[in-house]
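These are my notebook entries from going through the structure, one topic at a time. I kept to what I could look up.

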Amino acid sequence: MAHRAPASPGRPGSARPFPGCPVPAVLPAGAAWRGGHGLCGHRRGVADFVSFNVDSCPGKEPGAVPGAAGSRAAPAGASPHRTGGHVKMKNLYLFIAFLFIPWSFALAKYDEFEDGDDIMEYDDNDFAEFEDVSEDAVTESPQRIITTEDDEEEATVELEGQDENQEDFDDADTQEGDTESEPYDDEEFEGYEEKPDASHSKNKDPITIVNVPAHLQNSWESYYMEILMVTGLLAYIMNYIIGKNKNNRLAHAWFNTHRELLESNFALVGDDGTNKEATSTGKLNQENEHIYNLWCSGRVCCEGMLIQLKFLKRQDLLNVLARMMRPASDQVQIKVTMNDEDMDTYVFAVGTRKALVRLQKEMQDLSEFCSDKPKSGAKYGLPDSLAILSEMGEVTEGMMDAKMIHFLTHYADKIESVQFSDQFSGPKLMQEEGQLTKLPETKKTLLFTFNVPGSGNTSPKDMESLLPLMSMVIYSIDKAKKFRLNREGKQKADKNRARVEENFLKLTHVQRQEAAQSRREEKKRAEKERIMNEEDPEKQRRLEEAALRREQKKLEKKQMKMKQIKVKAM
Amino acid sequence: MGAVPWMAPGVVPGAVPGNGRGGAGGGGGAMADPRRPGKVARYKPPATETNPALEDPTPDYMNLLGMVFSMCGLMLKLKWCAWIAVYCSFISFANSRSSEDTKQMMSSFMLSISAVVMSYLQNPQPMSPPW
């Protein structure tokens with residue numbers, strides 16, 4: 001067999017007979033071989049034997065190589081090598097022993113695990129770097145580890161390995177890994193599919209990468225939900241402040257516009273009921289962030305007037321968002337309580353059709369006294385948007401005088417409802433049948449509900465447009481005092497009221513009877529108790545006799561009555 | 001100049017001031033002053049117990065809801081419950097009437113804040129969205 005030619009014949013000084021052997025064939029002058037000699041007297045490393053680039057040395061004759069048995073892989077065409085002697089054998093045995101140590105470790109680990117899958121993970125550590133395993137194929141292993149769910153023992157270990165590797169490799173790599181895994185046929189690596197890949201990755205990343213929990217990472221981005229929540233809260237608070245201030249400004253604008261008119265008509269403007277003396281506070285009473293009250297009193301005809309500015313809930317963000325779907329407007333509600341002697345008995349209402357329908361259902365007095373549906377006011381020159389509910393036609397005639405019609409036509413868009421009633425008791429109370437023993441208390445009142453123009457987007461200037469409406473209120477107060485029903489009207493009104501009362505009494509007849517019965521029984525029981533408690537037997541007997549006599553008298557009376565009725569019937 | 005009461009313009013000394021024409025009426029010819037200081041009635045807040053329908057139930061509902069959510073968040077360690085409780089308590093505060101005492105409002109607010117804090121102390125992971 002011919003020698004392998006030196007790699008670079010042109011350079012005698014640096015001739016390297018073996019590609020893997022760094023030792024020059026010819027020693028420089030003065031140098032001596034140290035250490036043991038290899039097969040050819042040439043100092044060799046372990047690598048020489050693994051890749052088996054052992055070939056004849058230039059200084060030795062080619063011959064059979066008894067030491068070839070010591071090497072594992074024998075490339076084809078390698079020339080046999082002549083044994084160098086027992087020194088060479090000693091070295092060989094040392095080398096074999098050297099190899100045995102990692103081999104034994106691998107074997108030991110073999111025993112630990114029953115699964116064949118894991119054997120290769122630890123076995124090929126030393127040889128992994130010499131195998132042609134591409135990086136991309138490594139990414140295939142995490143996926144394969146995921147799919148092998150049969151391994152119970154090593155599931156956690158494998159998953160950990162997967163977690164470590166998953167973060168390092170992009171999606172592109174895994175896709176590439178699919179194609180690159182083809183050279184590794186199943187036949188070659190039965191059950192050992194992951195081993196070269198896993199060990200390779202392990203060698204590549206000796207540092208285990210732990211999956212850091214999100215809260216320990218130094219990134220605020222993972223807390224995006226919390227940041228959203230806090231931003232929402234801040235937005236809510238901002239809206240609260242802005243809405244509150246806007247409502248405040250609107251209320252004070254209204255009050256400044258109307259102050260003069262009110263102060264010229266009422267002795268007491270502004271009262272919150274807490275002061276000892278009845279002095280004008282001259283301020284609005286803030287009940288809420290969106291409701292302002294004003295109590296005026298001290299005028300002819302009326303007991304007092306309560307003005308409620310019911311603004312939209314601008315301070316509540318939810319309400320603001322709901323209003324974007326359903327537009328609504330601020331309202332001014334005025335309730336004038338009349339003196340008993342200053343108003344005649346009638347029930348009358350004017351307003352938008354929708355509002356009147358709603359009021360007729362809700363309000364006790366309107367539902368009882370105004371049985372007809374709201375009628376159009378076109379007869380009197382009112383616009384179509386307004387309708388009239390009235391107890392009798394005479395009332396309508398009396399109410400609709402020129403000035404009132406003027407008011408109603410000019411400010412029809414701002415009027416929601418106007419209600420004059422002497423039987424006002426508020427909305428219908430939803431009570432059970434048994435509790436209604438008395439008619440609810442009624443008061444003579446005038447009610448006005450006005451819509452502030454702007455439909456939600458009001459500015460303080462819009463409050464000035466409500467001033468004429470206040471004049472209408474004042475005018476109505478005076479008118480209600482002046483208006484008197486004629487005789488016929490009065491009779492009709494009285495009949496109506498009597499009818500309503502009768503109906504009510506009929507409904508509650510049973511309850512009232514039961515109440516009276518229970519009261520009588522209570523009295524009897526109390527008397528019996530007294531008799532029993534009397535210690536003196538004499539007194540007891542006397543009291544008992546008295547009670548008996550009383551009962552007898554009652555029975556006689558009843559019998560007399562029955563006889564009388566029978567006689568009358570006959 | 002010294003203002004002697006009986007020399008004040010418009011007031012005849014000896015005349016009864018309370019004859020129904022109160023206030024500084026000034027000269028004649030003006031409309032009768034409608035004001036009657038003697039007939040002043042005090043303001044009585046309308047009793048809301050008789051008219052439960054008129055009351056706005058939002059602050060009470062929101063208060064209750066806030067407390068329920070904060071207890072849920074504390075017991076079941078749900079972060080989103082605690083956050084909703086904070087929102088409910090804010091809404092209840094915004095809609096509250098001035099007559100309501102602030103103690104209840106503050107207590108529900110503190111409870112919701114404590115629910116949020118406790119949820120994060122026990123589990124500092126960020127909240128995961130439900131989708």
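**Entry 1: a salt bridge across the chain**

I began with Lys443(A) and Glu303(A), whose side chains meet in a salt bridge with 3.3 Å from N to O, and I noted that I was working on a predicted model. I then looked up where the two partners sit, and found Lys443(A) in strand E10, residues 443-451, and Glu303(A) in strand E4, residues 302-310, so that the pair links distant parts of chain A, 140 residues apart. For the reason behind such pairs, I wrote down that side chains of opposite charge can pair when their charged atoms come close. Lys443(A) has 32% relative accessibility and therefore counts as partly exposed, and Glu303(A), at 30%, also counts as partly exposed.

**Entry 2: further salt bridges**

I next looked at Lys481(A) and Asp342(A), which form a salt bridge between their side chains at 3.3 Å, N to O. This pair also links distant parts of the chain, since Lys481(A) belongs to helix H14 of chain A while Asp342(A) lies in the loop between strand E5 (331-338) and strand E6 (347-352), 139 residues apart. Is each partner buried or exposed, or something in between? I found Lys481(A) partly exposed, with a relative accessible area of 35%, whereas Asp342(A) counts as buried because its relative accessibility is 7%, under the 20% cut-off for buried residues.

Over all chains, my search of the whole structure gave 18 salt bridges.

**Entry 3: two helices in chain A**

The axes of H13 (residues 402-410) and H14 (residues 467-482), both of chain A, come within 11 Å and cross at roughly 150°. That angle makes H13(A) roughly antiparallel to H14(A), because angles over 145 degrees count as roughly antiparallel. The crossing of the two helices is left-handed.

Which residues make the contact? From H13(A) I listed Lys403(A), Met404(A), Phe407(A) and Leu408(A), and from H14(A) I listed Pro468(A), Ser471(A), Met472(A), Tyr475(A) and Ser476(A). Sorted by class, this contact of H13(A) with H14(A) has 6 nonpolar residues, 2 polar and 1 charged.

**Entry 4: two helices in chain B**

I then turned to chain B, where the axes of helix H1 (residues 58-76) and helix H3 (residues 102-122) come within 9 Å and cross at roughly 25°. H1(B) and H3(B) are therefore roughly parallel to each other, and their crossing is left-handed. Among the residues making the contact I noted Asn63(B), Met67(B) and Leu74(B) of H1(B), and Leu111(B), Ala115(B) and Met118(B) of H3(B). The residues of this contact of H1(B) with H3(B) divide into 6 nonpolar and 8 polar, with no charged ones.

**Entry 5: a tyrosine that touches the other chain**

Tyr43(B) lies in the segment before H1 of chain B, and its 7% relative accessibility is why I count Tyr43(B) as buried. What is Tyr43(B) in contact with, once its neighbours within four places in sequence are left aside? I found Asp271(A), Asp272(A), Gly273(A), Asn285(A), Asn293(A), Trp295(A) and Leu306(A).

**Entry 6: two positive phi values**

Before looking at backbone angles, I reminded myself that most residues other than glycine have a negative phi. Cys301(A) has a positive phi of about 75° although it is not a glycine. I placed Cys301(A) in the loop between strand E3 (291-297) and E4 of chain A, and recorded Cys301(A) as buried, with a relative accessible area of 4%. Lys77(B), which is not a glycine, has a positive phi of about 55°. I found Lys77(B) in the loop between H1 and helix H2 (79-95) of chain B, and at 52% relative accessibility Lys77(B) counts as exposed.

**Entry 7: chain A as a whole**

Last, I looked up chain A as a whole, which has 16 helices and 10 strands. Of its 570 residues, 39% count as buried.

Definitions and conventions: Residues are numbered from 1 along each chain as its sequence is written. Chains are lettered from A and ligands numbered from 1 in the order in which they are written. This is a predicted model: local features need pLDDT of at least 70, side-chain atom pairs count only at pLDDT 80 or more; totals for chains, interfaces and linings use all residues. Side-chain values use heavy atoms; hydrogens and water are left out. Axes are lines fitted to C-alpha atoms, for helices over the stretch in contact, and angles run from 0 to 180 degrees between N-to-C directions. Helices (H or I, at least four residues) and strands (E, at least two) are DSSP runs, numbered from the N terminus. Angles under 35 degrees count as roughly parallel, over 145 as roughly antiparallel, 65 to 115 as roughly perpendicular and the rest as oblique. A crossing is left-handed if the near helix is turned anticlockwise from the far one by less than a right angle, and right-handed if clockwise. Contact means heavy atoms within 4.5 Å. Ala, Val, Leu, Ile, Met, Phe, Trp, Tyr, Cys and Pro count as nonpolar, Asp, Glu, Lys and Arg as charged, and the others, Gly among them, as polar. A salt bridge is a side-chain nitrogen of Lys or Arg within 4 Å of a carboxyl oxygen of Asp or Glu. Buried means under 20% relative accessible area, exposed over 50%, partly exposed in between (1.4 Å probe, protein chains only).
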